[in-house]
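Hello,

Here is the structure I promised to hand over. Please have a look, and then read on for what turned up in it.

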Amino acid sequence: MSGRVINFGAGPSALPEAVLEETAKGLLNFRNTGIGIAEISHRSKEFTAYLEETQALIREQLDVPPTHHILFTQGGATGQFSAIILNMLARHRLLHPELTADERTMDYVITGSWSKAAAKEAERLGGARVNTAVDARPYSKDGKTFDNIPLHSAYSFSEDPALIYYCENETVNGVQFSHDDAAPESFPYHLLPKNTLLPLVADYSSSFMSRPIPHLGEHAIVYAGAQKNVGPAGLTIVIVRQDCIVDVDAAAKLGASPVPLAMSYKNLFEGKSMPNTPPVLAIYMSGLVLKRNRDLGGLQYYEESNRIKKEKVYGVLKKGEEVGLFKGHVKEGSGSWMNIVFNVIGEGKEAEFLKGAEAKGLTGLKGHRSMGGVRVSLYNAITVEQTEKLVEYMKEFLAANES
Ligand code: PLP
């Protein structure tokens, strides 16, 4: 398609061109109904079947166990910051009605801006004490930034918390947990309270569908906004274990905070992910992406291509570090596969780097406003070939600046 650039933006981000072309057809005529996808009733048999197929594609590709339901909702990841707290506190209230707010805890693992924001919402909503299970900043290179996954010895979890929260990939800071259980940068599952129904919650917004989810069955909730790897903004995917879909009104009668209907997992579940109008177009496009993923070979395909992509970028980053032109933000071992954050050293060099990239049609590389620098987002829709174009440019920039 002419006029398109390579978009390394952090989200909303690039979608496969084949999906965009298919969307154009569906906008005119969805499944031979003669009605466009943005116009058709969400209660039509064609759309309800489509929604179920899309959920099934997630279940199949992520190998979601039968104990877990896949719910679609709106409100983004930020909506889930609140929904998780309200539903999990209602669950805890039903399990332990005798406890006061001071005797309840919510554990937060804070490794970057997004988990910090989620913990702030927990403080704001109240209903339990917020325990910082770990804060990564004291373990950073300068003692105050998010640039690492802390060692397991740094964590301290509560005995019976209402929830244990972490963000698998910190989009802003470029920090991600390792999926190798033996690595010091892995999530310390072995340190969690011994509870067969762990209240473990993970924000997978910027890594969902980029590789398999380890220990998925041990999670109470895994959730993601669609707008990085799956589709356009508007759809939020929540994988919830059965025991976390609770009667929030019964919990409210026992003193828990009332849960707005749009945030109640029970309401969403009973309404089959559309107790009210769902984000029809976002679901449609996400379904097209997921079908394409399956045809390409599912998560094995993406895990491999994402591994190749990140190795190429980290490789050239390392070369730049050796000559003092680039400086990676994140400590070795904690680097994200999806978002690679670095600085270009030297007066005016960063602006020059970004300008040169734009001129080559490599866009969306400016770091988050809170971080500055450069951020390369390598979501699924970015191909190995497109990544190579960026790497080529980084090499040229290095060569031009080597003295
Ligand atoms: N969590 C992570 C890891 C994110 O990357 C983002 C957004 O980029 C959010 C949460 C917030 O998402 P939303 O804008 O959908 O509320």
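**A helix pair and some backbone details**

Helix α1 (17–28) crosses α7 in a right-handed way (right-handed if the near helix is turned clockwise from the far one by less than a right angle, left-handed if anticlockwise). Helices here are DSSP runs of H or I with at least four residues, strands are runs of E with at least two, and both are numbered from the N terminus. The contact brings together Ala18, Val19, Glu22, Thr23 and Gly26 of α1 with Tyr284, Met285, Leu288, Val289 and Arg292 of α7, where contact means C-beta atoms, placed from the backbone, within 7 Å.

This is a predicted model, in which local features need pLDDT of at least 70 and side-chain atom pairs count only at pLDDT 80 or more, while totals for chains, interfaces and linings use all residues. Residues are numbered from 1 along each chain as its sequence is written.

The peptide bond from Gly11 to Pro12 is cis, with omega near -5°, and Pro12 sits in the loop between β1 (6–7) and α1. Arg31, in the loop between α1 and α2 (45–62), has a positive phi near 50° without being a glycine. Arg31 counts as partly exposed because it has 16 C-beta neighbours inside 10 Å (20 or more would be buried, 12 or fewer exposed, and partly exposed is in between, with C-beta atoms placed from the backbone). His215 is another non-glycine residue with positive phi, about 55°, and lies in the loop between β8 (200–203) and β9 (221–225).

Best wishes

Note on methods. Contact = placed C-beta atoms within 7 Å.
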